[in-house]
Amino acid sequence: MNTNLSDVGYHQAGLAGKRLRNQLFTHVYTSDLNRVMQTSQAILDKNVLSKSPHVKVDKRLRERGFGEVEGRTVSELRALVEKSGQLPQNFKPPGGESPLEVKARAEAFFHDLCNDLAGEAGIGQVKSLQHAAMADGSAERDCGTEGNVLGEWNIQEGDSKSSVTQASNSASKTDTGVTVASNSQPQNVDVNLASNSQTEDTEKYDARVLLVSHGGTIRELFRHLIDDLGCKVKSKRFAMQISPNCGISQFVVQLREGGKRPVLSCQFLHDKSHLENVVDLEL
């Protein structure tokens, strides 16, 4: 359903914007549905550093299409899945999508995003990302659980390791940061904040990306990062939860030259501390 944000949704989006007000965004990617575009604009309206980020609307960031069961309750949908005898990931309602199909378009978006940024950095194209972790090792850092996490893209021109600090603690002209936001319910936003990193031996392209999408789509993107690309998390069950409305998550993604797979690091997931005094109404 292409609905607008409710009053509660606007308030929550504003609080997310306040949380991110000092984060610099050079790129913004958003679903084409109204409530997500309104959420991204509310975040940018609060921002004091991002004057003219490149904003791109991408239909692949849409929420799952439920077809004939659009608007049904979660319990009703679960009953339909059980009746079908299929696994939840395979269940496709008439005229809708299965979670596997949502994951496929989230993967395609992520791959294109990596290539877009790699192209801007002048390091060429990355290879196919699916299951790349199995061929090239696993991610090097473990993910925090719920908490204050910032996310970052480091696009390196070499293979040297880089140390990572939060954006408020360091400033490097070679940093690359990505902030991801999602919206699953009428006002659900999952935000991946940008943090800074430094390396002594290489220069890195400075891109900071705000991604605004829907909780279900973000969950399938996280599934790709964890299952296919080897990003470690302490609790996959927690990672696979739908983010609270305007929740915040953070990852670090290093893009490397020579077609090597990205190196991913989860910093935190589904933080909602900035929403503690908000009544989360079901509208």
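Mentor: Two strands pair if DSSP finds at least two bridges between them, and strands (E, at least two residues), like helices (H or I, at least four residues), are DSSP runs numbered from the N terminus. This is a predicted model, in which local features need pLDDT of at least 70 and side-chain atom pairs count only at pLDDT 80 or more, while totals for chains, interfaces and linings use all residues. Residues are numbered from 1 along each chain as its sequence is written, and side-chain values use heavy atoms, with hydrogens and water left out.

Please begin with strand 10, residues 248–256, which runs antiparallel to strand 11 and is joined to it by 6 bridges. Within this pairing, V253 has L264 of strand 11 standing opposite. The hairpin that these two strands form has 6 residues between the strands, and G258 in this hairpin takes a positive phi near 80°. Strand 11 itself, residues 263–271, is mostly covered, since 9 of its 9 residues are buried, where buried means under 20% relative accessible area, exposed over 50% and partly exposed in between (1.4 Å probe, protein chains only).

R105 counts as buried because its relative accessible area is 13%. Its side chain reaches the backbone oxygen of E63 at 2.9 Å. Leaving aside residues up to four places away in sequence, R105 touches K59, R60, L61, R62, E63, R64, G65, E97 and T217, contact here meaning heavy atoms within 4.5 Å.

Methods
Polar contact = N/O pair within 3.5 Å; in protein donor to acceptor, adjacent residues only side chain to side chain.
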